[in-house]
Amino acid sequence: MEELIKLTAHELLERLNNKEITSEEIYSALQKRIKEVDSKVRAYVRLDKIDELTNQRTKEPGNKLKGIPVSIKDNICTEGYNTECCSKILEGFRPPYDATVIKKLKEAGASILNAKANMDEFAFGSSTENSFFGPTHNPWNLECVPGGSSGGCAAAVAADEAILALGSDTGGSIRQPASFCGVVGLKPTYGRVSRYGLIAFASSLDQIGPITKDVRDNALLMSCICGYDPLDSTSVNTGVPDYTKVLVNDVKGIKIGIPKEYFIEGLDSEVKSALEESINKLKTLGAEYKEVSLPHTEYAVPVYYIIATAEASSNLARFDGVQYGLRVDKTESLIDMYKKTREAGFGNEAKRRIILGTFALSHGYYDAYYLRALKVRTLIKQDFDAVFKELDCIITPTSPTPAFKIGEKIDEPLKMYLSDIYTISANLAGIPAISIPCGFTKRGLPVGLQILAKPFDEETLFRVAYTFEQNTPWHKMKPKI
Amino acid sequence: MDYEPVIGLEVHVHLKTKTKAFCGCSTEFGKEPNSCVCPVCLGFPGSLPVLNKVALDYAIKVALALNCKVQGYTKFDRKNYFYPDLPKNYQISQYDLPLSKDGFLDIYLQDKFKRIGIQRVHIEEDAGKLIHKDDVSLVDFNRSGIPLLEIVSEPHINSAQESYEYLTTLKSIIQYLGVSDCDMEKGSLRCDANISVKKKGAQELGTKTELKNMNSFKAVKDALAFEIERQSELLNSGKTVVHETRLWDAKELKTISMRTKEEAKDYRYFPEPDLAPFVIKTDKIEDIRKTIPELPREKMLRFIKEYGLSEYDAKILINSREGADYAQNCIEIYPDKDKKIVVNWITGPLLSEANNRNCGLSDLKVSPKDLVELVNSVEKQEISNLSAKSVLTEMIETGKPPTSIIKDKNLIQISDSDILNDIAQKAIEENPDSVNDYKCGKTNALMFLVGQAMKKSKGKANPKTIQEILKRRLADA
């Protein structure tokens, strides 16, 4: 039984198909594993719900996932089960509906874990330290952060506490923790996956995506969740391929760009050399390389922190104590209730971003900040458009450093923000990007490689990622825990 | 000194769509509180808006009817402010790229039209409703998310009466389009006003105040009249007008200051990221234009031209589309060339019956054919005017045709001179005092005797004939 939890979803599916195992066996093995190790990793919140599982297995489990459990980040709504964004202000909030991705997963036969994966409060952070429930620990080194904000998902997958996981990515929140934990994380094209039921951080940047043990699982989970949703006006009505069918071990003739702006000061030397080796590997497999320029890269972080916080300040306005979640009673007036509820309910980073965003949208500053940021965002997108006219994809490090120590950057928000320096451009441009394991540091921490492609070309990402994975050992490494 | 008011009106109209602006909830009025709600209109975390296409079509229709330029490219914005009836604490509205702009509306003043500019017409969502009870406040979100049109006029309105005309004209146009009830009592039409006064002929505008809480067109007119007076008096006594929001107090009939402090409102508008900007194709606009019926102004002019109606009558008849259609049907089948007679019946007794019942002309159970038949009976002197009015009342109450009522009640007018002579004789015999009065020169006494005779005939005597007979007999006596 012990080894079941080490398997990937596609391996488990094969055994389920051959009737060697049952989905109940998978689930009880997973439960056992979580109970054993989550006291160290703390990937899940409200662990008391771990014995509960939701699925729609009335007769036969759906064919695609056959009862395989999926772990869900705490900002994706699950009907009747707490969805709190790891924030005190949403304490006790049970959505009356399922997010579209949850509906789709249930239709595909997945079982949904009702204990949710830990995250930075409202996805504000790069380390999962901003969770109301306390930090998640990196399974490769428990003193280190798992990255964030989908740190719970990535750590759970890395520690075999999850078979498949769904995270969300606004500026790198899937890819950076995937990189820190040595797993595969995809941020799909904006509009590819419905956001209905994802508690919004920055609506124009958010996307839900899969975090998995390998590329095939990622393609499998992605195939289950993507597609047009009439409930999300920003989801795009375009054909969806079966991503599991595009996984070929072949990159011959694939044209890859290496942006010079990404290999700069601040890039950890071990990360840099892991990347260079990986690039050479792909070269020997037949890919073509070219150095390219994304000239507006240096503005990505400031642009992101204006747009994302502006949208967040408005999205989070609804948490006011009136209808759901926390309300501080015994207040003098309506305004007093708002103030005290929000003061008690939001953590420091949430407050910081609400204030920043409110400022950026304020009269007299809008043009200088928000409007200008929108314009630069267009320039950043045009940088990518230009590159993709000639090339199939771009490869960069996922994060400039491997996982850092818990507490190391928590008091220095600007340093923390730079941890997303390579990931946020994909969100600003709306393009898909995947992070896959590409090596380890001497101290045994995983390093991630990021592949970016043109909008709605997840196929190329999967193809390149799959080929790399098939020819490298990194995805098979397991942390000792 | 004489001051001239400068007024701009901001009107909000509920669009009569079956479902709300951004979700599938019902828009029905008067349902149990919080029974027409869902995660979207409750602003639940994770929910997303999807634009109701019918609301967009309706909005375009109104914009076109108000001669606005419908924009090919438009978007929604978020208007951010905290209030418990606003579940997301932002309202989905339109800011710098409204659905349409630069239109106008012609209002009719005595004998001429005046053109009032329309700055913009845009779509937004309504908020919920607060209910204050003792020491608690409750929120009903049934109204939350109902599609609203905001119609902003240019400051081209220069009197309280003009504002009234603007509102009635606007209401009638929107009702003609069938896209809103425009019922102020139910809150499906609301109006705020901006008003300042300036010296007659001056270019420079005065400081304006914003008026709220007017619950009827008359209240808007009264509030503006009060405010014009108030501001003029302030200026005349050397004081200044404070830029503020004032509430109309319908009991005290005055405006009162709501915020004295000049608070800078900062709604932090920004593009709604949950709804992509969208393109409205010219074809679509033209298709919608084709569905616009003849509007009140055109109808009024046509009634005057085709039917020879007075402006006064035409204006009354075109007030509602159904009423105008009804009147037109009556006029078309009325055989006489002079339409005045049948029109008088419509604008007179029929309209007053409708007003008494608080309904429209077409809601009364009187078909144009029946009405014309009734009018004909009077014209042919088959029944008296007086009887006809009671027949009309019964027609409305029972829906029966006039002929059967006239027959059942035996109301055919008596023109037989023998019978009328007898009746006149009796009236004279029974009222010797009046006869004396008449002989002494009090001509009014004749009318009294006519009345008595009419009474005796149960209203059936031909009043003209009986008067003549009485006159003759009194002269003879």
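Predicted model: local features only at pLDDT ≥ 70, side-chain atom pairs only at ≥ 80, totals over all residues.

Reader: Which residues of H8(A) and H10(A) meet?

Author: H8(A) brings A:Tyr305, A:Ile306, A:Thr309, A:Ala310, A:Glu311, A:Ala312 and A:Ser313. On the side of H10(A) stand A:Arg353, A:Ile354, A:Leu356, A:Gly357, A:Thr358, A:Ala360 and A:Leu361. By class, the residues of this contact of H8(A) with H10(A) comprise eight nonpolar, four polar and two charged.

Reader: What are the domains of chain A?

Author: Domain 1 spans 2-254 + 390-476, and domain 2 spans 298-373. Their centres, taken over C-alpha atoms, are separated by 27 Å.

Reader: How many residues of domain 1 of chain A are in contact with domain 2 of chain A?

Author: The contact involves 28 residues of domain 1 of chain A and 23 residues of domain 2 of chain A. On the side of domain 1 that touches domain 2, helix H12 (413-417) and helix H13 (424-429) of chain A each supply at least two residues. H13(A) gives the most to that side, with three residues.

Reader: What makes B:Ala63 buried?

Author: The criterion is 20 or more other C-beta atoms within 10 Å. B:Ala63 has 27 such atoms within 10 Å and is therefore buried. This residue lies in helix H1 (residues 53-65) of chain B.

Reader: Which residues are in contact with B:Ala63, leaving aside its neighbours within four places in sequence?

Author: They are B:Cys68, B:Val70, B:Leu99, B:Ser100, B:Gly103 and B:Val121. As for B:Ser100, it is 37 residues from B:Ala63 in sequence, while the C-alpha atoms of the two are 6.3 Å apart in space.

Reader: Why is B:Lys409 counted as partly exposed?

Author: A residue is buried at 20 or more neighbours and exposed at 12 or fewer, with partly exposed in between. B:Lys409 has 16 C-beta neighbours inside 10 Å, so it counts as partly exposed. Its place is the loop between helix H11 (402-408) and helix H12 (417-430) of chain B. B:Lys409 and B:Val391 are 18 residues apart in sequence, and their C-alpha atoms are 9.1 Å apart in space.

Reader: How do you know that both faces of strand E4 (residues 77-80) of chain B are covered?

Author: B:Asp77 and B:Lys79 on one side are buried, as are B:Arg78 and B:Asn80 on the other.

Reader: What makes E4(B) and strand E5 (residues 90-93) of chain B a pair?

Author: Pairing requires at least two bridges. E4(B) and E5(B) have four bridges, in the antiparallel sense, and are paired. B:Asn80 stands opposite B:Tyr90 in E5(B). E4(B) is also joined to strand E15 (residues 270-271) of chain B by two bridges, and these strands run antiparallel. There, B:Arg78 has B:Phe270 in E15(B) as its bridge partner.

Note on methods: Residues numbered from 1 in each chain as written. Chains lettered and ligands numbered in written order. Domains from an automatic or database assignment. Contact = placed C-beta atoms within 7 Å. Nonpolar A, V, L, I, M, F, W, Y, C, P; charged D, E, K, R; others polar.
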